[in-house]
Amino acid sequence: MKSFSVNEINEILNGVVVGNTSNQITAPEQLEIAKENNITFIGCKKYEKFWQSSNACVAVVNDDISIEPGDNRAFIKVKNADLAMTQVLHLFAPPAPVFSSAIHPTAVVDMSAYIANGAKIGAGSYIGPNVTIGENTVIYPNVTVLDECTIGANTIIWSGAVIRERCHIGSDCIIHPNATIGADGFGFSPCAQRGLVKIPQIGNVIIGNNVEIGANSCVDRGKFSSTVVGDGCKIDNLVQIGHNSKLGRFCIMAGNSGLAGSVTLGDGVIIGGSASIKDHTTIGSGAIVGAGSGVTGDVAAGKTMLGYPAVEARDALKQWAILKRLVNDSKK
């Protein structure tokens with residue numbers, strides 16, 4: 001079991017220790033359920049009230065905290081407790097699953113595939129013709145990477161993921177279990193004689209560097225050219241990205257949200273959980289779409305949208321307030 005003193009942890013965080021504790025720290029834990037040998041985090045003033053009832057011996061806190069740690073307890077004051085928390089979690093993280101060999105004997109790797117130094121391929125995985133896998137990339141068991149795909153360096157692809165033909169994934173990415181990159185876009189054309197005729201989807205998917213795609217999420221290939229996910233985007237579980245959509249850099253999409261086809265997101269767009277975006281819509285850089293909202297038209301940069309159909313947040317709040325008053329008045 002890993003164990004550290006408060007000062008040893010502070011050597012990594014470079015914060016300021018206030019108070020002291022003789023307890024060794026064996027794990028991080030959330031504030032309300034932490035035990036005596038746990039380190040916890042207070043990243044917002046509204047959580048200060050829970051410190052007194054918490055059993056944690058140490059908390060990483062913002063440097064503007066207004067309470068004292070107490071007896072045999074300590075704070076590590078930092079500029080940003082949330083960022084410091086990531087360092088502590090890395091410190092206590094358990095090791096990754098072990099590979100007994102760089103390429104498992106049961107993996108099927110086409111002779112034309114290029115596997116760079118340090119790359120690992122797990123049991124039951126399939127690597128197709130003319131695939132390129134970069135240095136130190138890890139392919140866990142039962143992953144499928146089809147023909148002519150490229151995967152950059154230091155990328156992790158977890159079990160069950162499928163990377164279909166001609167798709168490209170950058171470096172330092174994480175593709176979580178059962179994600180599908182490059183499935184056909186949802187394209188059909190009505191025909192009186194044949195019903196719904198499938199439109200071939202002959203494009204691909206291009207994913208930038210430092211992108212994370214959550215479990216069971218789908219990024220569809222383009223009909224003509226590419227569906228693009230820009231550098232630094234973070235996609236939650238169960239997210240749908242439709243064909244020919246283009247995401248700028250550092251976009252966030254929370255769980256169960258979805259983009260229809262040919263949606264364009266600028267840089268730093270945030271899409272809340274279960275929000276849906278109509279096809280051929282453009283959302284400007286820095287815009288926010290609240291959870292459960294439905295966007296049916298273009299959104300200017302920096303706007304915050306709420307509701308279904310989505311309108312500017314302050315207008316939505318006014319509408320809801322008026323509706324609430326009407327309902328309450330009707331009950332009198």
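**Entry 1: helix α1**

I started with what the buried residues of α1 pack against, and found β1 (16-19), β3 (38-42), β4 (58-62), β5 (74-78) and α2 (81-92). I kept in mind that this is a predicted model. Next I looked up which residues of α1 (residues 6-13) are buried: they are V6, I9, N10 and L13. Looking down the axis of α1, I saw these buried residues fall within an arc of 100°, so they line one face of the helix. I also checked the spot just after α1, where N14 has a positive phi of about 55°.

**Entry 2: the open sheet**

Then I traced an open sheet of 11 strands. I wrote down its order as β8-β11-β14-β17-β22-β25-β28-β31-β34-β36-β37, and its pairing is mixed. The edge strands are β8 (120-121) and β37 (311-312), each of which pairs on one side only.

I picked one pair to follow up. Strands β22 (residues 212-213) and β25 (residues 234-235) run parallel and are joined by 2 bridges. Here I found I213 opposite I235 of β25.

**Entry 3: H243**

My last stop was H243, which sits in the loop between β26 (240-241) and β27 (246-247). Is H243 buried or exposed? Its relative accessible area is 14%, and buried means under 20%, so H243 counts as buried.

I then looked at what surrounds H243. Its side chain makes a polar contact of 2.8 Å with the side chain of Q201. Leaving aside residues up to four places away in sequence, H243 touches Q201 along with G185, F186, D220, R221, G222, K223, T227, G261 and S262.

Key: Residues are numbered from 1 along each chain as its sequence is written. This is a predicted model: local features need pLDDT of at least 70, side-chain atom pairs count only at pLDDT 80 or more; totals for chains, interfaces and linings use all residues. Side-chain values use heavy atoms; hydrogens and water are left out. Two strands pair if DSSP finds at least two bridges between them. Helices (H or I, at least four residues) and strands (E, at least two) are DSSP runs, numbered from the N terminus. Buried means under 20% relative accessible area, exposed over 50%, partly exposed in between (1.4 Å probe, protein chains only). A polar contact is a pair of N or O atoms within 3.5 Å; within protein, one must be able to donate a hydrogen and the other to accept it, and residues adjacent in sequence count only if both atoms are side-chain atoms. Contact means heavy atoms within 4.5 Å. The arc is that of the directions from the helix axis to the C-beta atoms.
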